[in-house]
Amino acid sequence: MAGYLSSDTRKVTTHRLIEMKQRGEKISMLTSYDYTTAQIVDGAGVDVILVGDSASNVVAGNITTLPITLEQMIFLGKAVVRGVKRALVVVDMPFGTYQASAYEAVTNAIQMMKITHADALKLEGGEEVIDSVKKIIASGIPVMGHLGLMPQSINKYGTYAVRAKGDDEAEKLIRDAKLHQEAGCFAIVIEKVPAALAERVAKELTIPVIGIGAGGGVDGQAVVVPDMLGLTHGLSPRFLRRYADLHSVMTAVFLTDPATNAVLGVNARLGRRMKFKFAADTCRTHAEILQGSAESALLMSLEMVHGNDYIGISYRSTDLRRRAVLSA
Ligand code: KIV
């Protein structure tokens, strides 16, 4: 099946991804850091599951991807692999595990593969890491390269802004991409570069080029799942498309009072208890009135969950403005 989310149930291999590029089929790559999410992503027919070192941010709460360790990535990789039947599982080699020497790189890569049972590894960097890339591939481990914005080098860049806008950096990126292909990488990720540059790289390479924030002219797209689902609030890349607002949905659920009404009761922690019963239409109206306040997200979420059903909401209010609206 052409395009994202294949219904083909055969296990995805690195070879299949190259065939997909040859057929002009787009490749989908989503992150997962745990067994449960990996099962869902895999069940949806996504081609590649990346156990990204973005786990350092979204799982461990670090500001950068640098602190996450080999042991931590192994733990996450193992959990994800257990949840996957079809997708190709790629695990990120974390910062500091492959830069010092090709020997250290291959030793760590072998440990990662032995314990996680992943299908492939991803490494950030161009010609600076090419010896490590070659050594890992020579040991029988498939490697996905990662160029453009490389978050493990954030301290060098000092910014998460778009990379390779100038000619020199763009030329280096093209050279590095070709070096990766010659070294035997089965694919590369290109993050946050101008769309025209990413498209040119995808055209000049025979291996798939998977973009993130690199426009639509590439062979596939990578998406960080917590961003896509609206779980992460705060830093929000301009290219990011949110498909849901699970932050609000989860907040609404977690405010539910299991003792009174597990489905419909919404309780904030403080303040006076109030009860309301109204049709979904009214709920929608209130949600509009309350736009911009934290509570609007709450009501919107309930509307999403309950559709047009007649619903009741009971909750404690701490917000005077909201009380006034709801009692009107
Ligand atoms: O770690 C990660 O999630 C990644 C993606 C941004 C491609 O490398």
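Predicted model: local features only at pLDDT ≥ 70, side-chain atom pairs only at ≥ 80, totals over all residues.

Me: What makes Lys172 and Glu128 a salt bridge?

Reply: The cut-off is 4 Å between a side-chain nitrogen of Lys or Arg and a carboxyl oxygen of Asp or Glu. For Lys172 and Glu128 the closest N and O atoms are 2.8 Å apart, so the pair qualifies. The two residues come from distant parts of the chain, 44 residues apart: Lys172 is in helix H8 (residues 167-183), while Glu128 is in the loop between strand E4 (120-124) and helix H6 (130-138).

Me: Why is Glu128 called exposed?

Reply: Exposed means over 50% relative accessible area. Glu128 has 52%, so it counts as exposed.

Me: And why does Lys172 count as partly exposed?

Reply: Partly exposed covers the range between under 20% (buried) and over 50% (exposed). Lys172 has 25% relative accessibility, so that's where it falls.

Me: What makes Glu204 and Arg200 a salt bridge?

Reply: Their closest N and O atoms are 2.9 Å apart, again set against the 4 Å limit. Both lie in helix H9 (residues 195-204), four residues apart, or about one turn of the helix. Glu204 is partly exposed at 35%, and Arg200 is partly exposed at 38%. Through salt bridges that share partners, Glu171, Lys178, Arg200 and Glu204 join into one network.

Me: On to the strands. How do you know that E5 and E6 pair?

Reply: Pairing takes at least two bridges between the strands. Five join E5 (residues 143-148) to E6 (residues 187-191), so they pair, and they run parallel. In one of the bridges, Met144 has Ala187 of E6 as its partner. Helix H8 lies across E5 and E6, running at about 180° to E5.

Me: What makes the strands a barrel?

Reply: Eight strands close up in the order E1-E2-E3-E4-E5-E6-E7-E8, with parallel pairing. From one strand to the next, the twist averages 25°.

Methods
Residues numbered from 1 in each chain as written. Heavy atoms only, no water. Buried < 20%, exposed > 50% of the residue type's maximum accessible area, 1.4 Å probe, protein only. Axes fitted to C-alpha atoms, helices over the stretch in contact; angles between N-to-C directions. Contact = heavy atoms within 4.5 Å.
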